[in-house]
Amino acid sequence: MSASKTYLERSKLHANPTAKAFLELMERKKSNLSVAVDVTSKAALLDLADKVGPYICLLKTHIDVVDDFDMDLVEKLTALAKKHDFMIFEDRKFADIGNTVKLQYSSGVYKIASWADITNAHMVPGEGIIQGLREVGKPLNRAMLLLAEMSSAGTLAKGDYTEHTVEMARKYSDFVVGFIAMQRYAEKEGDNFIYMTPGVGLDQKSDGMGQQWKHPREVILDRGSDVIIVGRGVYGAGRDPAAEAKRYQEAGWDAYLERVHQ
Ligand code: S5P
């Protein structure tokens, strides 16, 4: 079972270069924390990334919420990723036909494929969405996650939909390296997926808009996920982002150590 293997052991078994490097990075940095930096100005985004950088393995962006986006932001973010040793995940949640997502991933204002190590997609359109994104991302050694489940109340991503998503990930496992999921799924021979779980908070349970937050220990230890994604728990009003990131890093890592030493 890959849940009981260390990130480093799993990195050695991975063929996708980004997934391999990411698992190595997690072990080297002792972090399974991804911070979701959902802020709307370039300055705020860079400031937050610099503050949480030492504690995270992955910076998760919603680049289209930044009012003053330009390619200089991407250059500076990439430089911060080098400085602090983290990767970048653009949480684009692609959801269109193959030909359209190919254009959305490679072109337009954001040129996501040129800078994001990892991105993600919904399976609603069917297999073509993976084929389109893979055509752009594979030659650049990028990696993708599929949204197999969501953290929000009333999500339709469940049951057959989730199972079909996992099957598609197996079919394209050279590019689809894992899931946004609420738990680890039953494994088949050869599976080595990376599970990332949003909706994580130490202090609050919900935001009044459908978001549901779980404790890092529940996510990593009980549910067998690999990465905790934390947004407002780190940068919300009145919080010290560096101190909170450290707190979440420790909570996530302790739960991981407990899991692999069970
Ligand atoms: O099911 C999901 C999938 C994602 S990627 N639920 C989520 O909340 N997310 C993202 O995780 C969401 O877009 C946001 O960027 C982050 C959660 O932020 P928080 O402030 O609620 O911790």
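Predicted model: local features only at pLDDT ≥ 70, side-chain atom pairs only at ≥ 80, totals over all residues.
A pocket is taken here as an open set of grid points, on a 1 Å grid over the protein atoms alone, with protein on both sides within 12 Å along at least five of seven lines, and its lining residues have an atom within 4 Å of a point. The volume of the second largest pocket comes to about 160 Å³.

The largest pocket has a volume of about 430 Å³. Its lining is made up of 25 residues, with Asp38, Lys60, Ser151, Pro198 and Gln211 the closest to the centre. Among the secondary-structure elements, strand S3 (87-94), strand S8 (227-230) and helix H9 (232-235) each provide at least two of the lining residues.

It is in the largest pocket that the ligand sits. A shell of 15 residues surrounds the ligand, and the closest of them are Asp38, Lys60, Ser151, Gln211 and Arg232. This shell consists of 6 nonpolar, 5 charged and 4 polar residues.

Several of these residues can be followed down to individual atom pairs. For aspartate 38, a polar side-chain atom lies 2.6 Å from an oxygen atom of the ligand. Serine 151 places an N or O atom of its side chain 2.7 Å from a nitrogen atom of the ligand. In the case of glutamine 211, a side-chain N or O atom is 2.8 Å from an oxygen atom of the ligand. Taken on its own, the ligand has 490 Å² of accessible area, and the protein covers 91% of that area.

Technical notes: Residues numbered from 1 in each chain as written. Heavy atoms only, no water. Near = heavy atom within 4 Å. Polar contact = N/O pair within 3.5 Å; in protein donor to acceptor, adjacent residues only side chain to side chain. Areas by Shrake-Rupley, 256 points an atom, 1.4 Å probe, with all protein chains shown as cover. 1 Å grid on protein atoms, 1.4 Å probe; cavity = no way out; pocket = protein on both sides within 12 Å on 5 of 7 lines; lining within 4 Å. Sits in = over half its atoms within 2 Å of the grid points. Nonpolar A, V, L, I, M, F, W, Y, C, P; charged D, E, K, R; others polar. Points joined across faces, edges and corners; volume = space filled by probe spheres on them. Helix = DSSP H or I, 4+ residues; strand = E, 2+ residues; numbered from the N terminus.
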